[in-house]
Structure formats: structure tokens, C-alpha cells
Amino acid sequence: MDTAKKIRPRKGKVIEAILEAPDTWTLHVEMEKEERQYLAGQFISIDPRQFPELSEVIKYLEHVKKRRELVRAYSLASIPSEPYISITTKPERFYPDEMQYPPLLSPLLASNVLKGRELQFSGYTGAYVLPGDHANTTSEVFHFVAGSGAVPNFALLKDELTLEKNISVFHTLIDVNKTYADIIYREQLDMLLKQYASRFRIMHFLTREENPERHGSHYFSGRPTTEHLRPLIKDPTTALAYACGAAVTKWQKKAALETGIEPKPRFLEGITQVIHELGIDKKRFKKEVYG
Ligand SMILES: Cc1cc2nc3c(=O)[nH]c(=O)nc-3n(C[C@H](O)[C@H](O)[C@H](O)COP(=O)(O)OP(=O)(O)OC[C@H]3O[C@@H](n4cnc5c(N)ncnc54)[C@H](O)[C@@H]3O)c2cc1C
């Protein structure tokens, strides 16, 4: 088991590709049980070089970027007790006026092209995991996610709720998306909500939809603010906060240095400020940055 836990090259077969939202796909990868030793919330790294259809684009991108294309990280949506590992990918888009290069790997992963094929990756790694003994120190965990940032938190929630771990701990998911259709795992989250209502609640925030309340009393318009969240927290001095989603990228920071124009804060910058205002100390706040 210890050998399996080390970060090393692994491979499995993509047995299913599921459309989660209009552009977002989940891939289930079949693996032997001893190859599935990881912790809920961890991620794997995928090297784009393994895909022959990307080889010429990689040559071109390396030529113009003057650097080697590196592996990309993907959080696991699955939990170790499930019979396969899963990743969920939302493809990056190319906006020629805002970006220098098109995205390389995510459009391929966010499709059913790899179904039936082998996927090589390295893993498992990452510290975006629950402490395990948190029921000793807190009674509440807050999950702040946006878009594909829902992936590792979905795993954390499944692990805690369906396996009935730390049953005295209440979980709140604050999930931000543009529209109702963009919500990843919506039906599965609704099922968790029905089944574990005594220890789980969700607040969906929709930023580009009129009257989101029509979808239910836990749907809200715009972005979560300190005012929305303060009444939900019993004790900010013991609560744990986990936040995952897009942040200003290193490329945007580099461009800002050159142009002198500050990049617009993204989800993680905004929610970090809210978490600070709520009084949750940074020692009890973990973030996973997708940037
Ligand atoms: C721990 C972790 C977990 C993650 N989990 C998920 C997940 O579960 N699901 C998910 O969808 N995503 C996840 N991501 C994001 C993922 O790793 C990729 O960053 C994302 O899929 C984009 O990869 P890409 O190859 O498509 O785009 P890239 O080719 O990496 O391009 C992305 C952007 O960077 C710009 N760029 C790239 N190279 C340069 C350069 N040299 N100069 C200037 N600009 C450049 C491009 O123009 C583009 O705007 C995670 C990231 C991390 C760190």
C-alpha cells in the first residue's frame, strides 16, 4: 500500500465520458484497487505529450513559447471507495484579444474522444484534504467553489457524507456558477442534500441568470458576500474553510507587470477577502488555486 501511495506514473483505461454541463465532462478511469490509494480532495498530473493528436500543436506552442509544455493538474472527483478514479474538466477558452496562446489539454479532456483509450498520469498528491480528526476541533466546514472548482469539494463531501465520517460536523457548500445549466454535479448534489439534510446545505449563486430563486429557495443572484454568509457561521474561531476555483494566473500577473494594468480579481481573490471578513483565520482556511 505504501508503494501505491507514492507519487509515480500510473495508467488506466477511460471507461466512461459523461457530459456534466454544456461544456464540462467527467472521465471515469478504470484502475486496480491497489492503484486507487489516495485521499479525497487530491489531484493527478496529466502529461499532454501522451496524446498523438496534440503532438504538432505542442511542437508549435513550444516553438513560440520557447519553453517545454508541462503536465497539467486535475483534481479527483472520485473518492477511494469508488471503483474507478474520475476527473471533471471544464475547457479553457481562447480569446485572441486577451490571450497569447490557445489552451492545450483541457479541450481534449472535456470531450468523449478519450473513451476506450488509455490515460497515463502521475499521482496522487495534494494537501487539499480534510484533517480526518476535524470533529474534535470543529462542528462546521464551509466549501467555497466556482465552476470546476467544485471538483475536489464534491469528493470531500461524498467522502464525509456517504461514508458517515465525522458525523457531528455540518457542511455548507457555496457554489458559484454563471447559470443553472453550468452547475456541475447538480443532480448528485441534490441527492446528497436530500439524503444528508441534517448535516449538509447548499447555496447556489448564479451570476448571469434572472430570478435564480425560481430554481429553489437555496438559489441566489450574484456572488456570495460577507453579509450573506455571516448568519450561517456558528463560530468563526473554529470553522474550517475550503475554497477552490480560478485565480489571477501567473501569465496575467506577468502581463500586468509589463502593461501596468492590474488584472481583474477572480473568484479566489474575492472569496479570500470574504473569508477574512468572516473572521476565519488563515490557519483554518485551505485553497486550491486553478490558475
Ligand atoms: C491543483 C489543480 C487542480 C486542478 N483541477 C482541475 C479540475 O479538476 N478541472 C479543471 O477543469 N481544471 C483543473 N485545473 C486546471 C488545469 O490544471 C489546467 O490549468 C486547465 O485545464 C487549462 O489547461 P490547458 O492545457 O487547457 O490550458 P493551457 O495551455 O495551460 O493554457 C491556459 C491559459 O494559460 C495561458 N498560457 C499558457 N502558457 C502561456 C505562456 N507561456 N505565456 C502566456 N500565457 C500562457 C493560455 O493562453 C491560456 O489562457 C487544476 C489546476 C490545479 C493547479
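In this predicted model, a backbone N or O atom of Ala 73 lies 2.6 Å from an oxygen atom of the ligand.

| Residue | Protein atom | Ligand atom | Distance |
|---|---|---|---|
| Ala 73 | backbone N or O | oxygen | 2.6 Å |
| Ser 75 | polar backbone atom | nitrogen | 3.1 Å |
| Leu 104 | backbone N or O | oxygen | 3.0 Å |

How much of the ligand does the protein bury? Taken alone, the ligand exposes 970 Å², and the protein buries 86% of that.

**The shell around the ligand**

E4 gives the most, with 4 residues. In total, 24 residues surround the ligand. The closest are Arg 72, Ala 73, Tyr 74, Tyr 101 and Ser 106. By type, the shell divides into 13 nonpolar, 6 polar and 5 charged residues. Both domain 1 (2–125) and domain 2 (134–289) take part, and the shell draws at least three residues from each.

**Helix H5**

Helix H5 covers residues 186–195. Which of its residues are buried? They are Arg 186, Leu 189, Leu 192 and Leu 193. These four lie on the same side of H5, because they cover an arc of only 120° around the axis. The other side of H5 has exposed residues: Glu 187, Met 191, Lys 194 and Gln 195.

How values were computed. Residues numbered from 1 in each chain as written. Predicted model: local features only at pLDDT ≥ 70, side-chain atom pairs only at ≥ 80, totals over all residues. Heavy atoms only, no water. Near = heavy atom within 4 Å. Polar contact = N/O pair within 3.5 Å; in protein donor to acceptor, adjacent residues only side chain to side chain. Areas by Shrake-Rupley, 256 points an atom, 1.4 Å probe, with all protein chains shown as cover. Helix = DSSP H or I, 4+ residues; strand = E, 2+ residues; numbered from the N terminus. Nonpolar A, V, L, I, M, F, W, Y, C, P; charged D, E, K, R; others polar. Domains from an automatic or database assignment. Buried < 20%, exposed > 50% of the residue type's maximum accessible area, 1.4 Å probe, protein only. Arc of directions from axis to C-beta.
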